Amino acid sequence: MAHFFLKHITKYDYSEPVKDSANQIILTPPSNEFQKIVDHSILIEPNAPIDFYQDYFNNQIGVFTIIPAHQQLKISVLAEVVTSKIPEPELTDSFENQWKALTQLNKEYWVLDYLNKTHHSYEADFKKLGKELIQENMGLVEVVKAFMHYIYNNFKYEKGVTNIETSVDEIWELKSGVCQDFAHLLLAFLRNLGFPSRYVSGYICPASNELRGEGATHAWVEAYIPGYGWLGIDPTNNCLVSDRHIKIAVGRNFDDCTPVKGTYKGAREHTLNVIVIIAT
């Protein structure tokens, strides 16, 4: 098991006082089989109560409103989390039966949200890539790993070249980006092959500073493997998800998992600073 203490601060500074700020936050990690939330708190400054509800994807959503004028909004999260190693799939079915099970799964209603193909202009390129990467007699997990390796080896991790609105087409052309971009690209690859796949937001925890995405929120992908369940894949770090990842939320893409979003009345100009500190 791994034990982590987390501080996540999101701060907006406005050029002039603003008012009537209505916000939604997705900053509450769930407890599950491999992740136990020992303690968790969220503080809003200026002070505001938070109402919580569960969304369609079972994420914990918080909403709050600040009516009076204010020139700064600060959201502070403190958490203590214990994680466990996640076993890798050991599928015993033949590769033919694995693919048959995936085809059958695609007929089930609950996976439809995770099969919608990402709009992009490179269908021919994606099909060609699939033919190159998918070897004869390859099982489902091996295929997923092949696309993970491809992104890691062929796309440069580079901050500042993309933003939250960057499309899959742009990522494919740039051959660079950050964890969110690589997650969206892997989603496009996997859904193109019929893998139910979802976007995951969370954190990656430090050890010896060898992982990309430390010190900020992180993103990866989960693909549903018949006979196993949701398999976490981190293309940014070329690894399967285990006890150094803390999950916050899941969805079809980043829009379903946005950590903080909202509206307000007042000056358009503002600066955003995000700090994530994770200690053991």
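A188 touches T118, F126 and V168, where residues up to four places away in sequence are not counted and contact means heavy atoms within 4.5 Å. The model is a predicted one, in which local features need pLDDT of at least 70 and side-chain atom pairs count only at pLDDT 80 or more, while totals for chains, interfaces and linings use all residues. Residues are numbered from 1 along each chain as its sequence is written, and side-chain values use heavy atoms, with hydrogens and water left out.

A188 is found in helix α5, helices being DSSP runs of H or I with at least four residues, numbered from the N terminus. A188 is buried, with a relative accessible area of 4%, where buried means under 20% relative accessible area with a 1.4 Å probe and protein chains only. Although A188 and K117 are 71 residues apart in sequence, their C-alpha atoms are 6.3 Å apart in space.

Helix α5 as a whole is mostly covered, as 14 of its 14 residues are buried. From its first C-alpha to its last, α5 reaches 20 Å, close to the 20 Å expected at 1.5 Å a residue, the expected span being 1.5 Å times one less than the number of residues. Just after α5, G194 takes a positive phi of about 95°.

The axes of helix α2 (residues 123-133) and α5 come within 11 Å and cross at roughly 75°, axes being lines fitted to C-alpha atoms over the stretch in contact, with angles from 0 to 180 degrees between N-to-C directions. The two helices α2 and α5 are therefore roughly perpendicular to each other, a term that covers angles of 65 to 115 degrees. In this contact, E123, F126 and L129 of α2 meet L185, A188, F189 and N192 of α5. The residues of the contact of α2 with α5 divide into 5 nonpolar, 1 polar and 1 charged.

Helix α5 (residues 179-192) also crosses α3, the axes coming within 10 Å at an angle of roughly 140°. That makes α3 oblique to α5. Here V144, F147, M148, Y150 and I151 in α3 meet F182, L185, L186, F189 and L190 in α5. The residues of this contact divide into 10 nonpolar, no polar and no charged. The buried residues of α3 include V144, F147, M148, Y150 and I151.

Note on methods: Buried means under 20% relative accessible area, exposed over 50%, partly exposed in between (1.4 Å probe, protein chains only). Angles under 35 degrees count as roughly parallel, over 145 as roughly antiparallel, 65 to 115 as roughly perpendicular and the rest as oblique. Ala, Val, Leu, Ile, Met, Phe, Trp, Tyr, Cys and Pro count as nonpolar, Asp, Glu, Lys and Arg as charged, and the others, Gly among them, as polar.
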